[in-house]
Amino acid sequence: MIEADLLPLVLSELTPMTSNPSTQVQSSSSELLLHAIDLQDRCELSNRTGMDSETLKGAFLNNLFYVQGKFPALATQYDYYMALAYTVRDRLLQRWINTAATYTELGSRTVAYFSAEFLMGPHLGNNLINLGIYDQVEQGMAELGLNLDELQGQEEEPGLGNGGLGRLAACYLDSLATLDIPSLGYGIRYEFGIFDQDIRDGWQVERTDKWLSAGNPWEIARPEWSVAIKLGGHTEPYKDDQGQFRCRWVPDQVVKGIPYDTPILGYQTNTATTLRLWTAEAPESFDFKAFNSGDYLGAVYEKMISENISKVLYPNDDSSQGKKLRLTQQFFFVSCSLQDMIRILFGQHLQLENFHKKFAVQLNDTHPAISVVELMRLLVDEHHMNWDQAWSITQQTFAYTNHTLLPEALERWPIELFGTLLPRHLELIYEINQRFLDEIRIKFPDDEARMIRMSLIDETGERYVRMAHLACVGSHAINGVAALHTELLQKDVLRDFYEMYPHKFTNKTNGVTPRRFMVLSNPQLSRLITSKIGDRWIKKLDELQQLEAFVEDPGFQLEWRRIKQHSKTELATYIQTHNNITVDPDSLFDIQAKRFHEYKRQHLNLLHIVTLYNRIKANPNIDITPRTFIFGGKAAPGYFIAKLIIKLINSVGNVVNRDPDVRGRLKVVFLKDYNVKLAQRIYPAADLSEQISTAGKEASGTGNMKFALNGALTIGTLDGANVEIREEVGAENFFLFGLTTEEVYHKRVHGYSPQDYYHADPELKLAIDRIASGFFSHGDAELFQPLIDSLLHQDQYFLLADYAAYIDCQDRVSVAYQDQEKWTRMSILNAARMGKFSSDRAIEDYCREIWRIEPVNVELRQC
């Protein structure tokens, strides 16, 4: 509570508030503030947990005063955001503590989701939606002279992921909580996340992502649950008191893992799951003796070395030091997590033999695969369990999700590096591998080639540990993330393992949460849908099918178009502000927003842009459907070709956007620093979603789902989840082009000459020649030559083979867009038929078929 004798000081400082975030913000709403503060005096408990607008205002002021230590004359917009965040967090904590208490009392079976990435996005708006108080808070802030949108804009997004992998993990945590599934998310609290992207002279420039620099109101440190992590050193055999052979790991470095907890609340439920992220510290952060002897760097050396482990998301692993750091990161977080789970097990008075009954661990790709060996080490070495029992528990604990069809993304580590960093784990891997190879010999006698292919150790050249193989052997379930992806895993990437363990394989098509990617990011469309079919669709997404009853309703179509136009106008305003480019909201917004990689084929999209530009140059009066091409996404810092494609996009845009012949009919925009916050602007505004990866390369994709859910039509290949999206929305509502997976495979095996396509297609040749000539690079014909050479001499992702089909398909898109009534019907049907692609459905599938876990209801009790 704010004491009465301080009220005159606070209120005397209040003058009208401004929306400028750099300005000290003030207000004149003295009577409203006095009333809100009086509420605090009357009911402190309500202040922490109450959900009405008046109570929320009082709690907000209380946190501004007591947590931020500010009164309005000194408070900035960021102070107001922090005060509001703590106000919302209080309401989360009531549910979070009740959830933890319930699970502890019941000893509930729990999902542990292991992921190197959690791309959560901003927390404030999503928590307001899930608490059901968005409107109350918006009203309360308005009455205090504050704008909720501007306060949300103050939140620094946690950049703890690179793309789809981390965003999927975030969606799954949201769904786990919404479905009342006992769960924990485990990962790393990177001090610096995915880099902030700047564009200078058209090139991507990476800046440090200092997301923690101003504090994080959503997390709570748990130093009392810290764990010790061993690294390096050697092993020593010994016999225990019973005369059993044992092995002792003698490390040459020990670091401390400190957990930081963030509550993740479900939608319209009392369940709040936990995201537990680990940060690395030195057991002794300061060597006083070294400092006194004048060795000031040595005094903090252990602190610096230890903290490097959780310093940066995905350090560049081109060097041996980078490889060592990445492997260290992976081991660090899984060892911390497994030790923490054993602590929880014992804290609930459960036996270690029941570890697999208490926990179901999902490995989100190969990054956490070392956990298979670490659990064995903990059980066998630390808790003296016999091998067979430990291995049975381990296999029954883990399930493995594969997220890639790219061989280079299936992690493997050099034996020398592995043995130096994790000597005991290498010994255990050799033992696991020997037993596994014996299994292969029994099932496939005299098949030496199969044993070489399946071994956990790659011995075809430099020796490596194959982490995907380890995950397959050590898990009881293996799944792909789209029907086509799973089929290709079974036929190609993991074929040997499918033939060995067919019962382990299943498909779990990805999904996305409608809470963030509809209710929060597209509120007008969400309200329209709710006005027609009620709000059950927010938790039961397949109820969107009811919208089909309104697809021919002229009034509904008109309102659908109006909302889309509003979203496009808002994005156009953002583009004007941030890119200084004027775009027409009436034009077709053609958007490709995703991580940059050659297989995702942003440069195929560019060839279409250049082709349209060439048509205009040949005939300036040509009738052409106006389009705004919008790109967003980041390239890995060491991925030169991907960064060159970004440069080419900006170079083409600089020419096309200024050419008077174009007359505004084409615009090219690159939106820098693509992240969850920006995605929430982009998805509602898209008319056309570009999902044009080479068939057989994309595991699933989730951006395709988010675009379609918001009413965008898809142009795409039969790749990843595109196949299932097309099946659901109807072939007539999907713009399909390109080679199939089988056709790609056939061309790769029987020979493919991209130059044949180049010489046979005049429009393709002209587009490539125009880029190669230096036309888009101020006459510099060398700048884009590496990209041109790649296309003409390798073209490993078959752009030239798909070019003609893509251009023809885009021409059909242009014709369709001119009939706005038909386009609107297609848009409505795309959204209405997206029920399958909810992350709630995906989690229900995991619960039923892999984890064998049931929901646990949480009653809200006073803490």
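## A walk through the predicted model

Start by selecting helices H15 and H16: H15 passes H16 in a right-handed crossing (the near helix is turned clockwise from the far one by less than a right angle). This is a predicted model, in which local features need pLDDT of at least 70, side-chain atom pairs count only at pLDDT 80 or more, and totals for chains, interfaces and linings use all residues. Residues are numbered from 1 along each chain as its sequence is written, and side-chain values use heavy atoms, with hydrogens and water left out.

**Stop 1: H15 and H16.** To see the contact (heavy atoms within 4.5 Å), show Val372, Leu375, Met376, Leu379 and Val380 of H15 with Trp387, Ala390, Trp391, Ile393, Thr394 and Thr397 of H16.

Now click on His384, in the loop between H15 and H16. His384 is not a glycine, yet its phi is positive, near 55°. At 36% relative accessibility it is partly exposed (between the limits for buried, under 20%, and exposed, over 50%, with a 1.4 Å probe and protein chains only).

**Stop 2: H4 and H5.** Move to H4 (residues 53–66) and H5 (residues 77–106), whose axes come within 8 Å and cross at roughly 120°. Here too you will find a right-handed crossing. On the H4 side, pick Thr55, Leu56, Ala59, Phe60, Asn63 and Leu64; on the H5 side, pick Asp79, Tyr80, Ala83, Leu84, Tyr86, Thr87, Asp90 and Arg91.

**Stop 3: the cores.** Next, colour the largest nonpolar core, which has 114 residues (buried Ala, Val, Leu, Ile, Met, Phe, Trp, Tyr and Cys joined through side-chain atoms within 4.5 Å). Those with the most contacts inside it are Phe114, Phe332, Met341, Phe355, Phe418, Phe436 and Trp851. Helix H13 (residues 320–347) gives the largest share of this core, 11 residues. Another core lies apart from it, with 89 residues that include Leu124, Tyr267, Ile538 and Leu829.

Centre on Phe418 and leave aside its neighbours within four places in sequence: Phe418 is then in contact with Leu327, Ile370, Trp413, Pro423, His425, Leu426, Ile429, Val465 and Met467.

**Stop 4: Thr694.** Look in the loop between strand S21 (688–691) and helix H29 (703–709) for Thr694. Thr694 is buried, with a relative accessible area of 1%. Beyond neighbours within four places in sequence, its contacts are Tyr599, Arg601, Asp719, Val744, Tyr797 and Phe798.

**Stop 5: H34.** Select H34 (residues 785–793), where Leu787, Ile788, Ser790, Leu791 and Leu792 are buried. These buried residues pack against H26 (602–618), H27 (640–656), H32 (754–760), H33 (762–772) and H35 (799–818). After H34 comes Asp795, with a positive phi near 45°.

**Last stop: Asp180.** Finish in the loop between helix H9 (164–178) and strand S2 (183–188), the place of Asp180. Asp180 is another non-glycine residue with a positive phi, of about 60°, and at 16% relative accessibility it counts as buried.

Note on methods
Helix = DSSP H or I, 4+ residues; strand = E, 2+ residues; numbered from the N terminus. Axes fitted to C-alpha atoms, helices over the stretch in contact; angles between N-to-C directions.
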